[in-house]
Amino acid sequence: MVTGAEDRFVMAMERCTRENPALTATRRLLIRGRVRRDGRVRISGAKNSAVALLPACLLVDGECVLQNVPAIADVLVQREILSAVGAEVIADDGEVRVRAAGRLQTEVPYTLAKRLRGSVLLLGALAARHGHARVPLPGGCAIGSRPLDLHLKGLRELGARVEIEHGYIQAEAGRLLGTEIYLDFPSVGATENVMMAATAARGITVIYNAAKEPEVVDLANFLNAMGGKVVGAGTDTIKIEGGHPLRPVEYSIIPDRIEAGTYLLAGLAGGGSVTVENVIPTHLEALLAKLEEAGVELADAGDAITARLAGRPRPLQVKTLPYPGFPTDLQPQLTAFLLRAEGTSVVSERIFEDRFGHVGELKRLGARVETDGRTAIIEGVESLTGAPVTATDLRMGAALMVAGAAARGETVIDGVEHIERGYERFDEKLRQLGVAVEWLE
Ligand code: EPZ
């Protein structure tokens, strides 16, 4: 039942486009690569924290305030979903107030949910608040089938009756009981959904083989700030003691490690030195270790990291793994960075079954890459040449920004609406990095 949510979303998008011209999808981004300049850029709040903490605000009756929330399309959609279920959401320059009072709708409109996989996180939040949730299956996307079996398993083991019908996940979760749940894969979303549902379960819930990503820790810290009892987040065993009354709080979201890694790679690819500010260096350990292997000089000072590379990178062998392994969300960007390596690199994508969509477009810039299932073999070339390219998913768009910075001449990126999903003011930030960019109407 779409209760005017679609209209409100369209109006919100129109307002957002008026306020943020860069969000106009009909524009294309032109990058002039190899413009050697030093740059520094401030990193925004983490998309994948914001997408989880916004639904978590529904766990309490009252007004939560989230700080350091990035102004990106995925966050806009999640805010609209909260409004659609009846919360009052007010966003102002990085601060989002979510006021969820009384009885909310427990059905998420399909027209909004289909825009964002993170809509599935409304399942745990609404089940915990009202004992009922009806959330559209978010559908697959450009990087694989993205099943939800672990989300459903977790809720069922907590005692919810979960059915899938007419494209919706229907959960009856009136009486949730704490239990021990083993996740066959350390799924970030499944861990987050179970954590939220478990706050309303009677007794103790233990999640074994839980995801250890910093965004999971951020959610645990938020729940604890509300008065929840979550211990072990960041390890593979998380224990949640349910039934504690939760109260509204103010909370600041962690910086976005994937945005930080993207701009480190883009700045290095452009040939300059690059400093990213407002980061948590330990969240980037896997990338920093690989950059050092590639010959990059690194210096970190508190919440800033500076990287510089004289000449071309050394080739690497990389495999993506759950945190703290190398993050799949930086695999396309690292692949782009290795296109000019002095030798042959091997990149193995172990998380998603179909995340080399960027390779075809990178070849248009002169890259020599062959993929075989989950492995890409990259034969480094001395130089790339700019070309028109099209992004069809978020991190592919990020990879094209990195490759455009590395290529001689002009690269024109179409499909920038995909980049807008996860990168706040990316045109300005690329300029601050020293990468020459301009908009083509
Ligand atoms: C989160 O997605 C992130 N999104 C993704 O970031 C990220 O790539 C991913 O975690 C892995 O780190 C958000 O946090 C909003 P998963 P999520 O469940 O939770 C399998 C980006 O670019 N799996 O950890 O959907 C699944 O098929 C996005 O910012 C099951 O088998 O990822 C995949 O192979 C892309 N059954 C693996 O686990 C399930 O029930 C990782 O998925 C769930 C997942």
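## A ligand between two domains

Domain 1 (17-44 + 255-440) and domain 2 (47-252) both give residues to the shell around the ligand, so the ligand lies between them. The domain bounds come from an automatic or database domain assignment. This is a predicted model: local features need pLDDT of at least 70, side-chain atom pairs count only at pLDDT 80 or more, and totals for chains, interfaces and linings use all residues. Residues are numbered from 1 along each chain as its sequence is written, and side-chain values use heavy atoms, with hydrogens and water left out.

## The shell around the ligand

How many residues surround the ligand? There are 22, and the closest are Arg 117, Asp 149, Ser 187, Asp 329 and Ile 351. A residue counts as near a molecule or strand if one of its heavy atoms lies within 4 Å of it. By type, the shell holds nine nonpolar, five polar and eight charged residues. Here Ala, Val, Leu, Ile, Met, Phe, Trp, Tyr, Cys and Pro count as nonpolar; Asp, Glu, Lys and Arg count as charged; the others, Gly among them, count as polar.

Four helices each supply at least two residues of this shell: α2 (47-56), α6 (149-157), α7 (188-198) and α13 (394-406). Helices (H or I, at least four residues) and strands (E, at least two) are DSSP runs, numbered from the N terminus. The largest share, three residues, comes from α6.

## Atoms that meet the ligand

Which parts of Val 188 and Gly 189 lie 2.8 Å from an oxygen atom of the ligand? For Val 188 it is a backbone N or O atom. For Gly 189 it is also a backbone N or O atom. Arg 395 uses its side chain: a polar atom there lies 2.8 Å from an oxygen atom of the ligand. The protein covers 87% of the 820 Å² of accessible area that the ligand has on its own. Accessible areas come from the Shrake-Rupley method with a 1.4 Å probe; for residues, only the protein chains shown count as cover.

## An enclosed helix

Now look at helix α5 (residues 122-130). Nine of its nine residues are buried, so α5 is largely enclosed by the rest of the structure. Buried means under 20% relative accessible area, exposed means over 50%, and partly exposed is in between (1.4 Å probe, protein chains only). The buried residues of α5 include Leu 122, Gly 124, Arg 129 and His 130. After α5 comes Gly 131, whose phi is positive, near 70°.

## Aromatic pairs

The whole structure has three aromatic pairs. One of them joins Phe 222 and Tyr 251: it is tilted, with 5.3 Å centre to centre and 55° between the planes. Rings of Phe, Tyr and Trp (its six-membered ring) pair if their centres lie within 6.5 Å; planes under 30 degrees apart count as stacked, over 60 as edge-to-face and the rest as tilted. This pair links distant parts of the chain, 29 residues apart: Phe 222 is in helix α8 (residues 214-225) and Tyr 251 in strand β13 (residues 250-252). Phe 222 is buried, at 0% relative accessible area. Tyr 251 is buried too, at 13%.

Another pair joins Phe 426 and Trp 439. Their ring centres are 5.9 Å apart and their planes are at 65°, so the pair is edge-to-face. Phe 426 lies in helix α15 (residues 426-433) and Trp 439 in strand β23 (residues 436-440), so the pair ties together parts that are 13 residues apart in sequence.

## Loops to look at

Arg 355 sits in the loop between β18 (344-348) and α12 (358-363). Is Arg 355 buried or exposed? It counts as buried, at 6% relative accessibility. Its side chain makes a polar contact with the side chain of Thr 328 (2.8 Å). A polar contact is a pair of N or O atoms within 3.5 Å; within protein, one must be able to donate a hydrogen and the other to accept it, and residues adjacent in sequence count only if both atoms are side-chain atoms.

Pro 324 lies in the loop between β17 (317-319) and α11 (331-337). The peptide bond from Tyr 323 to Pro 324 is cis, with omega near 10°. Asp 93, in the loop between β4 (88-92) and β5 (95-100), has a positive phi, near 50°. Asp 93 is exposed, at 78% relative accessibility. His 166, in the loop between β7 (161-165) and β8 (168-172), also has a positive phi near 50°. His 166 is exposed, at 73% relative accessible area.
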